[in-house]
Amino acid sequence: MKKKVLIGSRERSRSPEAMEILNAQGYELIVNPHDRALTENELLEMIKGVEGMIAGSEIVTAAVIAAGAPTLKVIAKQGVGYNTINVDAAKEHGVAVTITPGANSKSVADLALGLMMAIARQIPQMDSSIRKGEWYRHTGVELRGKVLGIIGMGNIGGEVAKRAYGFGMKIIAYDVYPRQEFIDNYGVTYLSLDEVFSEADFISLHAPAMLETAGMVNMDRLRKMKKTSYIINTARGELIVEDDLYKALKEGIIAGAALDVFAQEPPQNSPLMELKNVVFTSHAGAYTNEAIVGAGVMAAEEIVRVLSGSEAKYSVVK
Ligand SMILES: NC(=O)C1=CN([C@@H]2O[C@H](COP(=O)(O)OP(=O)(O)OC[C@H]3O[C@@H](n4cnc5c(N)ncnc54)[C@H](O)[C@@H]3O)[C@@H](O)[C@H]2O)C=CC1
Ligand SMILES: O=C(O)CCC(=O)C(=O)O
């Protein structure tokens, strides 16, 4: 009997290269027919009898993993933030969970810099004002000479540092594991979390969503920031207390924000939408042709490894 593999990732994040790798193994592919994340009910049906799964942004709950057991052997996240997968349940049922480190870091870093420039120069605001027939020149600020604070200096944080260094920014960072290569290559100075908040002109978040980071950007930290400073979040919505950010933006405690990720996606009735000093993108950091192919291929290779009896290369189940 053919082994079944569920492709959870939505249509526009599937690469033909990844599908070819799986087809070449003769697997039967059960494919998400939608251009959206699968719901829990859909997953509960589709996971039955499946041995491997490529996961996109859908939430893989304990119930879904239990419904896939005991056939399910591996869930390969096409990405790195595995807070969308219940890893404890996977461990309990002997299911490997893998990620694709580095495959989308350049794309996310490009977007973080893009958002930084968008808020520094008010690019979206000028675009919408021209469309209304106006001709108003916003005066912005240069990135050169400004202090960039990076929270979470891993693969994406490192790529952001590389780009910001090229722009002549001074880079400070907070990470639980400082890395000498970033000090040597981009002159990064590691500081405490509170020092980064008080010294930065721009803060860019790149830490994973976990107990220790949930709500790390709250009113106490926002009050430590300069009134002229900006915050950019391309990590996870859970890192920011959104009500506190709204208050800080509305009351001029900070100058602006750019958000690719939200506590609830898509955001529903968020008061942030009323504000002019915020720029939004739709969790699109990893949505480039290059990252889709890179992460898709890595995820497909993990499925093949595990289903052919080898060890996964990038397992997150300890
Ligand atoms: N917007 C998007 O589309 C995307 C968002 N992401 C998010 O970005 C995050 C980072 O991705 P990568 O850089 O590839 O991961 P990574 O694992 O290479 O880097 C994460 C860094 O955060 C550090 N860290 C861990 N706990 C911390 C804490 N309590 N405080 C500060 N730093 C801490 C780690 O030591 C590590 O250096 C992912 O976990 C994911 O949530 C990732 C890809 C796409
Ligand atoms: O999970 C997603 O929706 C896209 C990719 C991502 O955010 C990640 O790699 O962590």
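This is a predicted model: local features need pLDDT of at least 70, side-chain atom pairs count only at pLDDT 80 or more; totals for chains, interfaces and linings use all residues.
UniProt, in an unreviewed entry, lists residues 113-285 as "domain: D-isomer specific 2-hydroxyacid dehydrogenase NAD-binding". In the model, this span is 34% helix and 16% strand.

Ligand 1 is surrounded by 27 residues. The closest are Asn155, Ile156, Asp175, Thr234 and Asp260. By class, the shell holds 13 nonpolar, ten polar and four charged residues. Polar contacts to ligand 1 involve both backbone and side-chain atoms. On the backbone side, a polar atom of Ile156 is 2.9 Å from an oxygen atom of the ligand. A polar backbone atom of Met153 is 3.5 Å from an oxygen atom of ligand 1. Arg236 contributes through its side chain, with a polar atom 3.5 Å from a ligand 1 oxygen. Taken alone, ligand 1 exposes 860 Å², and the protein buries 87% of that area.

Ligand 2 has its own set of neighbors. These are Ser57, Lys77, Gly79, Val80, Gly81, Asn104, Arg236, His283 and Ala286. The shell divides into two nonpolar, five polar and two charged residues. For Arg236, the corresponding distance from a polar side-chain atom to a ligand 2 oxygen is 2.7 Å. Ligand 2 exposes 290 Å² when taken alone; the protein buries 88% of it.

Rolling a probe the size of a water molecule over the atoms shows where empty space is left. The count comes to one cavity of 30 Å³ or more. About 30 Å³ of space lies in the largest cavity. Its lining consists of Ile7, Ser9, Arg14, Ser15, Ala18, Met19, Ile54, Gln78 and Gly296. Four of these lining residues are nonpolar, four are polar and one is charged.

Technical notes. Residues are numbered from 1 along each chain as its sequence is written. Chains are lettered from A and ligands numbered from 1 in the order in which they are written. Side-chain values use heavy atoms; hydrogens and water are left out. UniProt positions are given in the numbering used here, feature names are shortened, and annotations may be inferred rather than shown by experiment. Helices (H or I, at least four residues) and strands (E, at least two) are DSSP runs, numbered from the N terminus. On a 1 Å grid over the protein atoms alone, a cavity is a set of points where a 1.4 Å probe fits but cannot get out, and a pocket is an open set with protein on both sides within 12 Å along at least five of seven lines; lining residues have an atom within 4 Å of a point. Grid points are joined across faces, edges and corners, and a volume is the space filled by probe spheres set on the points. Ala, Val, Leu, Ile, Met, Phe, Trp, Tyr, Cys and Pro count as nonpolar, Asp, Glu, Lys and Arg as charged, and the others, Gly among them, as polar. A residue is near a molecule or strand if one of its heavy atoms lies within 4 Å of it. A polar contact is a pair of N or O atoms within 3.5 Å; within protein, one must be able to donate a hydrogen and the other to accept it, and residues adjacent in sequence count only if both atoms are side-chain atoms. Accessible areas come from the Shrake-Rupley method with a 1.4 Å probe; for residues, only the protein chains shown count as cover.
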